[in-house]
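Have the structure open while you read.

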Amino acid sequence: MKISPDRIRTQILVLVSMAASLYCQSLFAAAPVVEIEIKDHLFFPSEVVIPADTKVKLLIRNLDPTPEEFESYELNREKVIGGNSKTVIFIGPLPPGEYPFFGEFYPKTAQGKVVVE
Amino acid sequence: MLLNSVILVFQETLEAALLISVLLAISYRQWSRTAWLPVSLSVGFVLSLWYALTMGAVSEWFDYMGQEVVNAVLQILIMLLIVFCTWAFFKSRQVEDGGDPSQHDRFARIFTFSAAVAVALAITREGSEIFLYLSGFFQQSEYFQPVIIGSSLGFGIGVSIGVLLFYGLLNLPGGWRVKVPMYLLALFAGNMLSQAALQLTQADWISSAQALWDSSGWLPENSIFGQLLYALVGYEATPSGVQVIAYVIGVTLVIGSAIVATRIAKNV
């Protein structure tokens with residue numbers, strides 16, 4: 001059987017686009033980004049909803065001039081965020097449920113939770 | 001503000017205080033040496049200030065994972081230094097039985113050097129967090145006084161527990177004098193390696209898996225007893241499998257180094 005060059009080209013194109021879409025999917029699956037801001041020692045939003053069994057990238061911006069520490073016993077996470085700076089924290093994959101977090105430096109006001117659905 | 005600063009500084013102080021008391025109890029008992037501690041405390045103090053000041057830059061390393069990576073490296077180093085300390089302690093105990101005194105001295109040097117570095121690194125990690133916390137209040141004069149009082153109280157309570165443990169270890173009855181410090185060091189090393197694994201999971205360098213168990217209903221991590229157990233043995237209510245494996249490796253390395261030091265010395 002003779003395979004035409006056109007057919008090979010189509011097949012290569014299909015393969016490349018499949019690989020590209022798989023790659024994009026894996027990138028997307030690896031890290032949907034959720035943004036949280038800290039302002040006046042409060043989290044905005046104070047409640048974020050993320051999908052179950054998925055790794056999520058939390059992008060946290062501290063708009064206060066003072067440092068804060070993101071902490072959660074339920075998520076097993078702890079990280080200092082300097083004043084007027086941002087940071088990244090990966091969470092999950094997690095089973096459905098509620099996972100409270102707080103700012104260890106200002107725990108009275110800086111309270112929030114991750115809701116996994 | 002006051003109560004929060006008591007708790008925060010207490011938590012940070014306790015872990016370093018426990019490590020210091022165990023290492024100091026061994027070096028005092030075995031070789032009557034304590035001079036390493038003030039040197040180590042001073043170096044740790046300076047390093048923690050420096051780490052706090054450079055935290056902003058460090059945080060941005062490795063796509064904002066610098067903090068996790070540096071902490072994990074510090075924790076792994078502390079774990080390894082504890083293994084050296086244990087090895088030197090048991091070697092020295094072996095040469096005591098008819099060995100030559102220069103050997104005794106050599107192991108004392110290895111122990112005190114490793115202990116001094118381990119303590120300085122532990123203080124660097126914990127102390128930088130205290131400095132960062134306090135730095136936020138320099139700009140808010142109305143909170144400054146309660147925060148300083150609270151932090152001093154928290155520091156005082158942490159140090160007191162360390163002092164109690166130190167004297168407790170010195171007054172142990174004969175059979176327990178060696179075993180108890182060794183097991184405490186083993187648990188501490190396990191804790192360090194498990195925390196390092198957690199840091200690398202947080203940085204996404206180790207892939208995350210679901211918790212191996214959930215004991216938060218029995219003993220919540222944020223309870224007083226949970227906090228104490230966290231500092232002492234690295235208690236986690238929801239640890240991952242990697243953390244548990246890391247913990248077991250840390251414990252095994254310390255106990256293994258004690259066994260190896262004892263065995264080889266006997267054969268020679």
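Start where the two chains meet: across the interface of chain A and chain B, the rule finds 2 salt bridges. A salt bridge here is a side-chain nitrogen of Lys or Arg within 4 Å of a carboxyl oxygen of Asp or Glu. One to look up is the pair D204(B) and K55(A), whose side chains meet at 2.8 Å, N to O.

A quick word on the ground rules. This is a predicted model, where local features need pLDDT of at least 70, side-chain atom pairs count only at pLDDT 80 or more, and totals for chains, interfaces and linings use all residues. Residues are numbered from 1 along each chain as its sequence is written, chains are lettered from A and ligands numbered from 1 in the order in which they are written, and side-chain values use heavy atoms, leaving out hydrogens and water.

Back to the interface. Chain A brings 28 residues to the contact and chain B brings 31 residues, with contact meaning heavy atoms within 4.5 Å. About 2600 Å² is buried between chain A and chain B, and carbon and sulfur atoms give 48% of that. Buried area is the accessible area (1.4 Å probe) that two parts lose on being put together, summed over both. On chain A's side, Y73(A), N76(A) and F105(A) supply 25% of the area that chain A buries against chain B, more than any other three residues.

| Pair | N to O distance |
|---|---|
| K39(A) and D40(A) | 3.9 Å |
| E15(B) and R125(B) | 2.7 Å |
| R109(B) and D105(B) | 3.4 Å |

Which parts of chain B does the pair E15(B) and R125(B) tie together? E15(B) lies in helix α1 (residues 2–31) and R125(B) in helix α5 (residues 101–135), so the pair links parts 110 residues apart in sequence. Helices are DSSP runs (H or I, at least four residues), numbered from the N terminus. E15(B), R125(B) and E126(B) are linked in a network of salt bridges.

Are E15(B) and R125(B) buried or exposed? Both are buried, which is to say under 20% relative accessible area, with exposed being over 50% and partly exposed in between (1.4 Å probe, protein chains only). D40(A) is exposed at 54%, while K39(A) is partly exposed at 34%.

R109(B) and D105(B) both sit in helix α5 of chain B, 4 residues apart, about one turn of the helix. R109(B) is partly exposed at 47%, and D105(B) is partly exposed at 32%.

How values were computed:
Helices (H or I, at least four residues) and strands (E, at least two) are DSSP runs, numbered from the N terminus.
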